[in-house]
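This report describes a predicted model.

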2 protein chains.
Amino acid sequence: MTPGYDTFYAGRKVLITGGLGFIGSNLAHRLVALDADVVIIDSLIQDYGGNPYNIHGIEDQVSVHVVDMRDEHSTDHLVRDRDVIFNLAGQVSHLDSMRDPHTDLEINCRSQLSLLEACRKHNPGVKVVFAGTRQVYGHPDHLPVTEEHLVRPVDVNGINKVAGEYYHLVYNNIFDIRACSLRLTNVYGPRQLIKHDRQGFIGWFIRLALENDEIQVYGDGSQLRDFVYVDDAAEAFLEAGASDTCNGNVYNVGGIEPISHRNLVKLLLEIAHAGTVRYVTWPEDKKAIDIGNFYADSTKFKNAVGWTAKTTLRDGFLSTLDFYRKNLRHYVDATHANES
Amino acid sequence: MTPGYDTFYAGRKVLITGGLGFIGSNLAHRLVALDADVVIIDSLIQDYGGNPYNIHGIEDQVSVHVVDMRDEHSTDHLVRDRDVIFNLAGQVSHLDSMRDPHTDLEINCRSQLSLLEACRKHNPGVKVVFAGTRQVYGHPDHLPVTEEHLVRPVDVNGINKVAGEYYHLVYNNIFDIRACSLRLTNVYGPRQLIKHDRQGFIGWFIRLALENDEIQVYGDGSQLRDFVYVDDAAEAFLEAGASDTCNGNVYNVGGIEPISHRNLVKLLLEIAHAGTVRYVTWPEDKKAIDIGNFYADSTKFKNAVGWTAKTTLRDGFLSTLDFYRKNLRHYVDATHANES
């Protein structure tokens with residue numbers, strides 16, 4: 001099926017904030033293939049997810065600015081001639097947000113407001129697609145979770161992410177800066193940070209499997225989650241960026257079906273032909289901000305633009321493992337990771 | 001009926017942020033009468049609502065620090081020995097938040113996080129009651145609005161206020177800093193800012209009536225609101241501060257019954273024996289962030305601590321008009337307003 005955006009991005013001036021990060025860089029690869037004019041902002045803060053190697057193969061076809069979103073003057077300048085902004089820059093560690101809440105606020109709230117103010121002043125015709133998160137729902141009251149579910153974040157990161165999202169909606173509604181937000185569930189795939197375990201467990205599990213190491217699953221592993229392969233997530237951004245139906249809306253972007261941690265790890269180990277699993281007691285700090293079972297209903301987004309998750313977990317794991325086996329040194333070794 | 005807090009506040013060390021403001025100062029008067037040890041923080045920023053005259057009569061029985069909540073070092077020090085913090089400091093103008101969103105963020109998000117961090121580090125046993133707002137609900141889907149209604153703020157102020165509220169809940173849930181939030185509807189009464197019209201219409205209407213001036217009602221005046229007399233609002237804070245049932249919860253604190261703007265103004269003019277009314281077209285900037293009809297269901301709070309609004313609009317207006325007739329020069333004239 002032809003995607004809704006068809007030839008929309010050819011020659012289109014696009015900005016990706018957090019464009020050297022996991023989802024941003026996969027989106028950059030897609031946009032280059034679609035002949036877009038791609039500008040990337042990334043702070044490359046140690047441990048945050050940005051990795052110059054993520055644009056390996058397209059480095060001559062994109063323009064990269066190593067800039068912190070907190071630097072308002074840069075953002076102010078860089079938004080000016082853009083048609084579409086994919087706004088993915090953020091601090092994504094839940095645990096870090098509890099240890100250093102002010103930094104999380106500066107990046108996930110203040111910088112979002114600065115970006116939107118820059119658009120309002122210098123480029124009110126731009127379209128902005130914000131990377132939201134299912135974390136804003138907290139412990140769900142019912143499953144699957146629709147966009148009508150109460151927002152009830154369980155940590156500082158969830159609060160700041162939802163404030164960042166609300167700013168986009170208010171700027172859409174009041175200042176006509178066309179904007180929408182995609183509330184992503186657990187995204188996985190090539191170019192994800194796997195250097196440490198503070199940005200979600202899925203990348204970390206993949207790394208442990210790759211290195212034939214032991215995966216620790218908390219509790220009995222019965223907790224359910226849904227997973228989106230990064231190519232599907234990138235498609236969701238492309239659809240949202242090209243559709244004015246989406247303006248002023250939030251959409252869940254979730255996986256094909258839920259799976260327990262137990263079965264997820266079983267599948268991963270089977271496909272990787274490596275790694276082991278051990279069930280351990282929940283660490284206190286992680287248990288406190290865990291959200292129990294979660295899976296999203298993405299019907300609203302499907303109805304809006306026709307998007308659905310297409311990649312099975314099996315296919316996604318196969319591609320992901322293949323990617324990291326070829327490129328592992330760029331993702332686990334700090335020395336190599338900083339070479340482009 | 002004996003209030004739930006009974007002798008709770010006698011000798012109790014209390015901090016009121018925004019304590020020279022409207023609700024904060026009325027609360028201070030009540031706490032002094034209850035023999036509490038009252039410390040007040042207020043920035044006294046021009047036009048924000050703080051007024052030294054608001055503690056006229058109790059100035060020798062409270063300790064006042066003219067400090068901006070954005071000054072983390074002061075807050076850090078002042079929370080240390082307190083038993084209860086009534087956290088009412090904030091930027092409250094919706095229009096100002098759209099003109100200067102960063103200042104609103106600094107005060108309503110960042111400073112809240114700093115206050116809670118100060119509690120976490122230096123006084124984890126403290127109880128915090130946060131002044132939330134019904135503005136977080138935006139345009140309601142159904143009436144009356146319960147706490148189960150989606151949060152969908154229509155302006156930057158609403159977003160930052162709800163982030164501030166969520167921080168309190170997360171610090172309650174994760175760090176055991178006992179905290180709750182009262183989502184106040186339209187509060188009115190003595191000591192409210194009536195110098196300008198940017199902090200809600202009710203105080204401004206009262207001033208126009210007092211000065212026998214013309215009150216402009218937008219549209220046909222059919223929009224519904226509920227109003228809480230400030231003594232009832234202060235009672236709500238006292239109840240929440242003394243009750244551990246409230247920890248981790250948000251509660252609507254609304255009026256006895258809804259009334260249209262049309263009937264509200266009619267009643268006000270009748271009681272004031274002064275003023276006139278004219279119906280005018282909505283100004284663009286105000287229409288954009290108006291929320292239509294709104295009234296709150298406060299049953300959850302009633303069930304928790306037994307609180308209900310008790311003061312009729314008629315009685316509330318009588319007391320308010322009487323107060324301002326005696327003290328008007330301290331509320332309309334900048335020169336006098338700064339004398340204590």
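## Overall build of chain A

In this predicted model, 53% of the 340 residues of chain A count as buried. The secondary structure of chain A comprises 13 helices and 13 strands. Its radius of gyration is 19 Å, close to the 20 Å that the globule rule gives for 340 residues, so chain A is as compact as a globular protein of that length.

## Relation between the two chains

Two copies of a chain are related by a rotation about an axis and a shift along it. Here, chain A is superposed on chain B by a rotation of 180° with a shift of 0.0 Å along the axis, and the RMSD is 0.0 Å. The two copies are thus related as by a two-fold rotation axis. Within chain A, the C-alpha nearest this axis belongs to Leu150(A), and it lies 2.7 Å from the axis. Both copies use the same surface, for 100% of the contact residues of chain A recur in chain B.

The contact between the chains involves 25 residues of chain A and 25 residues of chain B. On the side of chain A that touches chain B, α4 (101-122) and α5 of chain A each supply at least two residues, and the largest share, nine residues, comes from α5(A). By residue class, this side of chain A divides into 18 nonpolar, three polar and four charged residues.

## Helix α11 of chain A

Helix α11 of chain A runs over residues 313-327 and has 15 residues; from its first C-alpha to its last it reaches 21 Å, close to the 21 Å expected at 1.5 Å a residue. Its buried residues are Leu313(A), Gly316(A), Phe317(A), Thr320(A) and Tyr324(A). Because they cover an arc of only 95° around the axis, these residues are on the same side of α11(A).

What does this buried side of α11(A) pack against? The partners of its buried residues, which are elements of chain A, are β7 (186-188), α6 (201-210), β10 (227-229), β12 (259-260), α8 (261-272) and α12 (329-332). The face of α11(A) turned away from the buried side carries the exposed residues Arg314(A), Asp322(A), Arg325(A) and Lys326(A).

## Cis peptide bonds and positive phi angles

In chain A, a cis peptide bond joins Leu143(A) and Pro144(A), with omega about -10°, and Pro144(A) lies in the loop between β5 (127-133) and α5 (156-175) of that chain. In chain B, the peptide bond from Leu143(B) to Pro144(B) is likewise cis, with omega near -10°, and Pro144(B) is located in the loop between β5 (127-133) and α5 (156-175) of chain B.

Asp6(A) is not a glycine, although its phi is positive, at about 40°. This residue is found in the segment before β1 (13-17) of chain A, where it counts as exposed because it has 10 C-beta neighbours inside 10 Å, and a residue with 12 or fewer is classed in that way. Asp176(B), again not a glycine, has a positive phi of about 60° and is placed in the loop between α5 and β6 (178-184) of chain B. With 13 other C-beta atoms within 10 Å, Asp176(B) is partly exposed.

Ser97(B) lies in helix α3 of chain B, which covers residues 94-99. Is Ser97(B) buried or exposed? Ser97(B) is buried, because 26 other C-beta atoms lie within 10 Å of its own, and 20 or more are enough for that class.

Leaving aside neighbours within four places in sequence, Ser97(B) is in contact with Gln91(B), Asp104(B), Asp155(B), Val156(B) and Asn157(B). Asn160(B) is 63 residues from Ser97(B) in sequence, while the C-alpha atoms of the two residues are 9.3 Å apart in space.

Definitions and conventions: Residues are numbered from 1 along each chain as its sequence is written. Chains are lettered from A and ligands numbered from 1 in the order in which they are written. This is a predicted model: local features need pLDDT of at least 70, side-chain atom pairs count only at pLDDT 80 or more; totals for chains, interfaces and linings use all residues. Helices (H or I, at least four residues) and strands (E, at least two) are DSSP runs, numbered from the N terminus. The expected span of a helix is 1.5 Å times one less than its number of residues. The arc is that of the directions from the helix axis to the C-beta atoms. Two residues are in contact if their C-beta atoms, placed from the backbone, lie within 7 Å. Copies are superposed by least squares on the C-alpha atoms of residues with pLDDT of at least 70 in both. Ala, Val, Leu, Ile, Met, Phe, Trp, Tyr, Cys and Pro count as nonpolar, Asp, Glu, Lys and Arg as charged, and the others, Gly among them, as polar. The radius of gyration is taken over C-alpha atoms; the globule rule is 2.2 Å times the number of residues to the power 0.38.
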